[in-house]
Amino acid sequence: MAGQDFVLTTQALKKSFGKLEVARDISLSLPRGCRYALIGPNGAGKTTLINLVNGQLKPDSGRILLEGEDITRLLPADRVRRGLTRTFQINQLFPDLTPIESVTLAVTERDGTAGQFWRSLHSHTEAIDEAFAILQQLGLADVATRLTRTLAYGQQRLLEIALALATRPKVLLLDEPAAGVPKDESAALFEVIAALPADISVLFIEHDMDIVFRFASRIIVLVAGGVLVEDTPDEVRNDPRVREVYLGQAAHHG
Amino acid sequence: MNAANPTLGDPHVWLKRQSRWSPFEILFWLAALLPFFLFPTYLTLASQVAIVALFAISVDLVLGYAGIVTLGHAMFFGLGAYAAGIISVHGWGEPLTGLIFAGAFAGLIGFIVSFLIVRVQHLALIMVTLGLGFLTLELANSMSWLTGGADGLRGISTWPIFNQFRFDLWGYTAYSYSLIALFVGFLISRRIVHSSFGLSLRGIRENVTRMPAIGSDYKFHLRKIYTISAAMAGVAGALLTQTTNTVALDSLSFQRSADVVVMLILGGTGRLYGAILGAIIFLIARDQLSGVNPQYWYFWIGVLLMIVVLFMPKGILGFLARIAGRRD
């Protein structure tokens, strides 16, 4: 099968909306513990690719393998239970729950105790401990018992990641984790991501090239629904096609 | 690895505090005994209030906690009411087994219907609940051989509770019985909303999009609470049958479904006591206002509803909680 050391593999994923091809023959492999960046101009299909991999969209053809098992037909929730988790570019949080409640919710959904209506929530001591440990790891322990909607925006972005970590992912897809975060704070946020457990494979979308070159071990450049280049930061930085299509364009905008 | 941190407040302690009984709650349940001493002539009304409050709590579980907006929950109330009435007419008037039978029957129908409910959202969901309500009403209307049709079911007799407590004319037994049923239903609901399952329901209400992304089979949760709620509504309906020895089509009516939602909005959704408070206000207002003018009393309910919606978006109880500075 496709390489034992690859946790996630996509094979020739294709998706079209009418005549618009949003994913053409995307074949990728993520090794265990990787820190990959997914970059590309607006409309290149980055979020679409994440939606295909996590199951929110169904590919027209192609396959997705998680640890060698075909998960192409599984529902998003089933993929999460097998260790493939995503976060969202726009916060998808529980505004009137506190972080400790939100993350405990995610932990109990993972360990299968979420449906137990005969037991009080505070009797789930191990789940609460685990949730609080995740919040501590992300620096959210101080605000664990505040309502989510009252948290600072940067803290809400961290809570996005905390919820994903509670599912004990093998593969973590981060859709612009620093979206909307001021530049000086986004580096700190990526320090947190870099410090995630070494066995989690991370694929993140990010627009800030400084951050990408600093935190990614490998970069995938997506253009018009297809993979243009997949290589190390140094190679991507010097690739003339990337300069032309992506960096050149960014320079025009900037 | 113990997560407790003395300077931050232990999250275990905080979570435990969320489900602790407050003095207000104990006071409230003690006050529920007052009608026996202060208003002995109103015990029949008090019994009705307790029954409708139980029905309102059942709706709060799905509407207030899980976010399923329903305009057809009278269907389960009525199914329970008829189930209790029909077994009584056929010779089994024992009240407790009657309640269990009615609850189980309404719960079974709720379980079947729940597969349809979780498929739709928003306006379509409201229309489906409404449609199911109409359907049930007309089925009961047309099956007059079983239900008595528009004349209502005749010949119901409810045996004394434990062969001891006869349902008296003044409503002592009726109110005691309904109040105990309400309290038990409340305790069950309270346990549910303070469980991990209750937390999942709040998660669904707060952001259903996120639920699959944390691996939740949220439709399973929704089917479960819908079934529980239907059973509880059925028990409330059966209580009405047993305490009044009548069942009529109005137990299934749209009016009843809409009234209970009005009560929840008045009292405040997603807080259980809001359901009880709403039922108290609504039924006492109806009793008092219809004495003044039997035709136009809904006018005042309309006024009250608008005042609450405009100035107390979280209901009267939410308003009081905010004044008292407590977390919702």
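## Helix packing and chain contact in a predicted two-chain model

In chain B, the residues B:Y273, B:G274 and B:L277 of α14(B) meet B:G315, B:I316 and B:L317 of α16(B), where two residues are in contact if their C-beta atoms, placed from the backbone, lie within 7 Å. By class, this contact of α14(B) with α16(B) holds four nonpolar, two polar and no charged residues; Ala, Val, Leu, Ile, Met, Phe, Trp, Tyr, Cys and Pro count as nonpolar, Asp, Glu, Lys and Arg as charged, and the others, Gly among them, as polar.

This is a predicted model, in which local features need pLDDT of at least 70 and side-chain atom pairs count only at pLDDT 80 or more, while totals for chains, interfaces and linings use all residues. Residues are numbered from 1 along each chain as its sequence is written, and chains are lettered from A and ligands numbered from 1 in the order in which they are written.

### Helix pairs in chain B

Helices (H or I, at least four residues) and strands (E, at least two) are DSSP runs, numbered from the N terminus. Axes are lines fitted to C-alpha atoms, for helices over the stretch in contact, and angles run from 0 to 180 degrees between N-to-C directions. Angles under 35 degrees count as roughly parallel, over 145 as roughly antiparallel, 65 to 115 as roughly perpendicular and the rest as oblique.

| Helix pair | Axes | Angle |
|---|---|---|
| α14(B) and α16(B) | within 8 Å | roughly 120° |
| α4(B) and α13(B) | 10 Å apart | about 75° |

The helices α14(B) and α16(B) are therefore oblique to each other, whereas α4(B) and α13(B) are roughly perpendicular. In the latter pair, B:F55, B:A56, B:V59, B:D60, B:L63 and B:G64 of α4(B) meet B:V260, B:V261, B:M263 and B:L264 of α13(B), and the residues of this contact divide into eight nonpolar, one polar and one charged.

### Buried residues and the core

A residue is buried if 20 or more other C-beta atoms lie within 10 Å of its own, exposed if 12 or fewer, and partly exposed in between. Among the buried residues of α14(B) are B:Y273, B:G274, B:A279 and B:F282, and what covers the buried residues of this helix includes α4, α13 and α16 of chain B.

A nonpolar core is a set of buried Ala, Val, Leu, Ile, Met, Phe, Trp, Tyr and Cys residues joined through C-beta atoms within 7 Å. The largest one has 168 residues, and those with the most contacts inside it include A:L135, A:A162, B:A83 and B:A279. The largest share of this core, 16 residues, comes from α4(B).

In helix α7 of chain B lies B:L132, which counts as buried because it has 20 C-beta neighbours inside 10 Å. Although B:L132 and B:G72 are 60 residues apart in sequence, their C-alpha atoms are 6.6 Å apart in space.

### Where the chains meet

The contact takes 43 residues from chain A and 35 residues from chain B. On the side of chain A that touches chain B, α3(A) gives the most, with eight residues, and the residues of that side divide into 21 nonpolar, 13 polar and nine charged.
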